[in-house]
Each structure stands twice: as structure tokens, then as C-alpha cells.
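Please keep the sequence and the coordinates at hand while reading.

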Amino acid sequence: MTAISVQNMNVWFGTGALRADAVLDVSFDVNEGEIFGLVGESGSGKSTILRAMVGLVPTWSGTMQIAGETLGKKRSQAFFGNVQMVFQDPYASLHPRHTVDRVLSEVMRLHGIADVDERIVQLLDDVGLGAGFRFRYPHQLSGGQRQRVAIARALAPKPTILLLDEPTSALDVSVQAEILNLLADLQQSQGLTYIMVSHDLGVVGHLCKRIAVMKDGEFVEVLSVEAMRRLEASHAYTKHLLASSIQSVS
Amino acid sequence: MSSEFGLRDWLLSEEPSSRRQAALSSWYNGWLRFRSNTLAMVGLCVLILIIFAAIFAPVLATHDQFAQDLGQRLLRPGVDGHLFGTDGLGRDIYSRVLYGARISLYIVLLVAMVAPLLGLIVGTVAGYAGGWVDIILMRITDIFLAFPRLILALAFVAALGAGIENAVLAISLTAWPPYARIARAETLTIRNSDYIHAIRLQGAGPMRIVTRHIWPLCISSLVVRVTLDMAGIILTAAGLGFLGLGAQPPSPEWGAMISDGRAYILDSWWVATIPGLAIFSISLAFNLLGDGLRDVLDPKDNGS
């Protein structure tokens, strides 16, 4: 079953002479339960694809089908219950004046979920934070803990699809691994579909089955993670990317 | 003693166990930060003193605030049991200053409730909605800003009629534009942050986002600005009183009292000076308080 189908997507910012095209004619399908990776350098348009999918960027064309719903200009409440997003910077994605409890309970109230109290405790458990974190403010949490709260918030409406916008790039290396493992566990236990954006091939290779490489708003190549491990890239840019990430390791 | 330590620990707990404890604990932390600012504490004490004086004016006053005694006019401070002397009509200045505190606080509270709220609504709506709404609301704000405040208040009072309520209305109508500007500027920095995006992705509507997510972050800077403006509000009220457009005689409004003392300012300095000192001390108290509140509430320092 296809969970996400994007055909001929274009995204741009500004109009007239100021128009800048961020994404050019991108098409891809993601199956249910699959983890799909988007890799590319900064400014290549990978985050923009996610933002256009959830409706944060209104200027796009093409067709998008997500969770059986063909998307127009507006997103329905059911869509937000099905598709959620985790942002890059956990220091900016939590309201500084809201406790963890308030963040999670507001989300559940918006989605009309009953037994809020039980769900919050369970969610915090799911993301590896105990109930002791429930009434803390973001400034009382570390970066990794904040990102866990952000993941809990994304999981609160019980979505089937999670869009991950560089969820680990703002964290230090040991915490990165913890968060990646948590995401992998959650994907296994809840059968989630992920689209994961990253500029780090190592991070994407750890989690994803299929990887799309982006450059200047276009897909240059879509390859499986096995092909990537065997360094079987056909496009020059992918080869360059692989070579540089191998260099950084050895 | 041990129970007191228990309460302190409970308030400073890193792991609050209920909504109430989390809220109280964040208030308590703010209070601790505020308390470490000596000048702000001085301001708070002076203010509490003035509020006490206003509440217990009937008990503390030595004379009737309106009783005239022309035989006892223009007595020096301390003579015949008149602590601050008497004015041109022989009324006890000490008692009048006490009752005047009620009027000043009444004006300040009313203005402080109306003007920032109006500014907050206009500013956040303009900032969040953007586009035409923003342009229209901000041009209206600019028009109000372009007038000198006292002149505009004068025009309003002249149109509405003299009196405290109209003075309050006039001051509020002239005081909101700076708040709208601040609220809009704050909103513009907040509206594109990830936590607003995140709540939009949960399907929250603009009403909820503005009132629940943007207001709490704007209010702190507005509160600071309001306390710093309190002095200006009192002075404007006093200025209107001085010009005869605010509180009407024989009401003991401080500005009006200074206005009365003007005739005797050369040979009976205390008639104008005592209410002047009262205005000075309440203005200074609000300023010091505002400075302290800025340290406590500024969200930029709050991250650590």
C-alpha cells in the first residue's frame, strides 16, 4: 500500500522577479511502514518538501496523496491526526512557557482524544521519559529530552506517518544515536511510515531503506540503502557525497 | 522551621508532580529573581506603602479632606497638627494627599487594564494576520502615535467633558499605540517559530494560536512596558488635573492640588511641593518595579 504519493511537485517562494524555485518537479512514492530518506546539502529543498506536504508552505503545484487523501490548499483535521512532523531544532520547537503536560494535553484536546492523563503518562513512557518529566518546562530539559517531548507531541494524535526534519542534527553525537534508536523502535512497534530529511548520510543510512539524493531542488538519484553501502551510485553528485562522508569517517 | 524548608524544596523541585506545583514553582523562581534586585524591592515597598495609605486613608487621615477653615489657611507643615500644612482654603494637605492616592491608583489601574489590552489585541492580530489587516491596523496606530499624547488627551477630554472617567478614557485611547507596536514586533518574531508551526500542524486555529500561544509571550514585555509607563500615565493624569480637565475640585487629585498651589508657590512652597513629591515617589516606585520585572520576565534571559 502506498502511504504517500507525490507527483511533479514544484515549490517556490515569492512572485514575479523575486520568485525563487525551491523544489523542481519532484516525484516519489513511499509505502506504508517504509522509511524513506531525503539527503542533500543545505538549501537543496529537502525540508521544503516536508513543509509543503503539511501545508506550511502554500505555494506549490503538482499532486500529493497522503494517507488516501488528495491534498488541496487546506489540510483537514483528520490529516493532522494522520500526519505529524518533528522539527529540527528542539530548542525552538517547544513553547517556552508551556509545560510538557500542557503541550501534550493541548494536542490531545485539539484531536478530541479522551483520557488525556493516562495517554500523557503512556506517551512519556513510549519516548523514554518517565512521568517525572510531565510538569517540567522546556528550560528544565536537555536537548535530547526536548526532542523526545517533540516526538511525543507528534505521536500524541496517533499518526500513521511521521515527517522527520533533521531530527538529530541539533543534538550531540551520543544523543543522536539515542534518538535514532528511539525512532527506529517506535517505527517497529507502531508500524509508522517515516520520511526522514538529513544532510548526514550516516544518519539516513542507519534508518532508511530507500534514499533520494537532492541537489538544487531536484532529485538526482533514488537508491536503496544496500546500493549505497556498496557505493553503487550512478550520479556524480551522489558519488561525491558518498566519498566525502566516507572520508569524514576514516 | 523544617516545614518551611519543606515548602521551599517543594517549590524548587526539579520534578513537579502536579500542574499547580509547576505553576507555583515557576512563580516562586521569578520571585526569587525579583527579590535579588534591591532597587526593585524598594520600588515594590514604596508602592505597597502607597496602596496601604490609599486603602486606610479614612483611618490615617487626621482631618476631613474637604473641610475648609479659612482662619487656618496656608499653615506651615507641622503647625497646629497639620503634618504637611494647609492649602489656600485651609484644608489639611496630609489628609488630601492620602485620599489623592486613591484617585491616582484608580486612574493608573483603569488605564493599565484598558490600554495594554487594546494594544495587545491590535498588535497581535496585525502581526499574526499580516497582509491587509496588518497594514490597516498599523496605519491607524501610526495616526494615533503621530499626535502628541497630552494634546490628544486634551482633545478627547474637551470633547467628552471633564472628569476622572473621561480622563482615564482619554489617556487609554492615547496610550495604546506603543503597546500595539511592541506586541506586533513580538508577534512577528514568534509567528514563524517552530513551536507555532508545531501547533498549527495540530490543527489549531488562529484564535487559539494568538490567545494561547502568542499572548503569553507578549504579555511579559507589555507588563514591563506598562510599569515603566505608569509614571507617564500618572503625570498625564496629573497634567490633565493641573489644566482643570481631569479630576474636578474639590477632589484631592494630586495634579489638581499642584494646580491649586501654583498661586502660592513663591511664599507657600509646601502647597504644591507635597503632592508633587507624592507624584514623584509613585512614579519612581513604578519605574523601579518595572526595571525589576524586566529582569524577571524577559523571555530572552529565561532560557537558562
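## A charged cluster in chain B

Arg181(B) is partly exposed, with a relative accessible area of 32%; the classes are buried for under 20% relative accessible area, exposed for over 50%, and partly exposed in between (1.4 Å probe, protein chains only). Asp142(B) forms a salt bridge with Arg181(B), and their closest N and O atoms are 2.6 Å apart. Asp142(B) belongs to helix α6 of chain B and Arg181(B) to helix α8 (residues 164–191) of chain B, so this pair ties together parts that are 39 residues apart in sequence. A salt bridge is here a side-chain nitrogen of Lys or Arg within 4 Å of a carboxyl oxygen of Asp or Glu. Helices (H or I, at least four residues) and strands (E, at least two) are DSSP runs, numbered from the N terminus.

Asp142(B) also meets the side chain of Arg139(B) in a salt bridge (3.0 Å, N to O). Both Arg139(B) and Asp142(B) lie in helix α6 of chain B, 3 residues apart, about one turn of the helix. An α-helix has 3.6 residues a turn, so residues three or four places apart point the same way. Asp142(B) counts as partly exposed at 26% relative accessibility, and Arg139(B) counts as partly exposed at 44%.

## Basis and confidence of the model

This is a predicted model, in which local features need pLDDT of at least 70 and side-chain atom pairs count only at pLDDT 80 or more, while totals for chains, interfaces and linings use all residues. Residues are numbered from 1 along each chain as its sequence is written, chains are lettered from A and ligands numbered from 1 in the order in which they are written, and side-chain values use heavy atoms, with hydrogens and water left out.

The predictor gives the complex an ipTM of 0.89 and a pTM of 0.83. For chain B the mean pLDDT (the predictor's confidence in each residue, from 0 to 100) is 86, and 96% of the residues of chain B reach 70 or more. Among the elements of chain B, the lowest mean pLDDT, 71, belongs to helix α1 (residues 2–11), and the highest, 93, to helix α6 (residues 131–146). Where pLDDT is low, the predicted coordinates should not be read in detail.

## The interface of chains A and B

Chain B gives 31 residues to the contact and chain A gives 34 residues; contact means heavy atoms within 4.5 Å. About 2,800 Å² is buried between chain B and chain A, and carbon and sulfur atoms give 51% of that area. In chain B, Arg19(B), Leu201(B) and Gln202(B) lose the most area to chain A, together 28% of what that side buries. Buried area is the accessible area (1.4 Å probe) that two parts lose on being put together, summed over both.

Arg19(B) and Asp101(A) meet through their side chains in a salt bridge (2.5 Å, N to O). Asp101(A) forms a salt bridge with Arg134(A) as well, with the closest N and O atoms 2.8 Å apart. Arg134(A) lies in the loop between α4 (116–126) and α5 (143–155) of chain A and Asp101(A) in helix α3 (residues 100–110) of chain A, so the pair ties together parts that are 33 residues apart in sequence. Asp101(A) is buried, with a relative accessible area of 1%, and Arg134(A) counts as buried at 10% relative accessibility. A network of salt bridges links Asp101(A), Asp117(A), Arg134(A) and Arg19(B).

## Helix α11 of chain B

Helix α11(B) is mostly covered, with 6 of its 8 residues buried. The buried residues are Trp254(B), Gly255(B), Ala256(B), Met257(B), Ser259(B) and Gly261(B). Their cover includes α5 (93–129), α10 (206–242) and α12 (270–297) of chain B.

Ile258(B) is found in this helix, which spans residues 254–261, and counts as partly exposed at 22% relative accessibility. Not counting residues up to four places away in sequence, Ile258(B) touches Phe242(B), Ala272(B), Pro275(B), Gly276(B) and Ile279(B).
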